[in-house]
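Have a look at the model first, and then read on.

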Amino acid sequence: MDRLIELNESLDTAGFYGVNNRNILFLRNLHPQVRIVARDYQIKVTGNDDELERFEHNLRSMERFCLQHGTITETQLANIISGNQPIEQLPDNLILHGAQGKPVIARTENQQKLVHDFQSSDLLFAIGPAGSGKTYTAIALAVKALKNKEVKRIILSRPAVEAGEKLGFLPGDMKEKIDPYLQPLYDALEEMLPRQKLNEYMEKGIIQIAPLAFMRGRTLGNAVVILDEAQNTSVQQIKMFLTRLGLGGKMIVTGDLTQIDLPAQQKSGLKDAIEKLQSVQGISVVNFTEKDIVRHPLVTRIIRAYDNQHSNQTQDNQ
């Protein structure tokens, strides 16, 4: 009987299979009646049902250990199979294992709320200060949904506000012109997926990163679509974006209403959208605060100082 076993795509396959495939050869010697053909994240096995069950049980134990630690040695594998090396208990707030098995965790109450609301809402707004994990958590949720085959694509977008008419004067082709504005999204993805897998997804269009202007006219179904830095959209732009949502799709819109780079007379599309849509069924708004900031502790104090200065100036002008 044949069986196709699909591995978690967060695995570092080099660490999982071992040098010269020593780890998979170890399992083959342990199960000599099972024929094994392994390639990337798929392992095809042939044998009788009982032997295949035992093989997959050992393989999954090996997979769980490697997800937690990034790699596994023959000695550790032998101890796991013999029961002498227990698998660590996974934290309840784990979203997924990222590249090299790094756990990606919803660390704060509002990050956990975003994870919870993602299950029940098709459109989420994550609003809050820099460093609160809005975008990072959103991308982790998107990658998890892709790996679990809940969606077929991830589409990430940002408005390139600073570019405007000057974009044409920047060196390089269009991708080189817009990449600086999209780099934070690349950075997060590189922590979620092994580089080889990320490159493969991007080459096949399974993960797409594009400026907001490229969304016009598209219907984005069976995808998690993330709009980052949405405070810098116009009212027309964000309406255009939100109405791209297709069947089987989810959207997460992130932004910081204290960092609007639009002209003073222009209303932020993000602010307008929240005012109009926050009571609509199927939409969730998660308001992050300085308590959610997970960067250097100094970032919290910097944000607080700016907020205090803004409050004082507002009082002086009244």
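Two strands pair if DSSP finds at least two bridges between them. Helices (H or I, at least four residues) and strands (E, at least two) are DSSP runs numbered from the N terminus. The model is predicted, so local features need pLDDT of at least 70 and side-chain atom pairs pLDDT 80 or more, while totals for chains, interfaces and linings use all residues. Residues count from 1 along each chain as its sequence is written, and side-chain values use heavy atoms, without hydrogens and water.

**The sheet**
- Three strands form an open sheet in the order β1-β3-β2, with antiparallel pairing.
- β1 (2–6) and β2 (35–39) are the edge strands, each with a single partner, so one side of each has no neighbour in the sheet.
- Five bridges join β2 to β3 (residues 42–46) in the antiparallel sense, and Val37 stands opposite Lys44 in β3.
- Helix α3 (residues 49–69) packs on the sheet and touches β1, β2 and β3 (contact means heavy atoms within 4.5 Å).
- The direction of α3 makes about 10° with that of β1; angles run from 0 to 180 degrees between N-to-C directions, with axes fitted to C-alpha atoms, for helices over the stretch in contact.

**The helix pair**
- α9 (residues 235–242) and α10 (residues 269–277) pack at about 60°, with axes 7 Å apart.
- Val235, Ile238 and Leu242 in α9 meet Gly269, Leu270, Asp272, Ala273 and Leu277 in α10.
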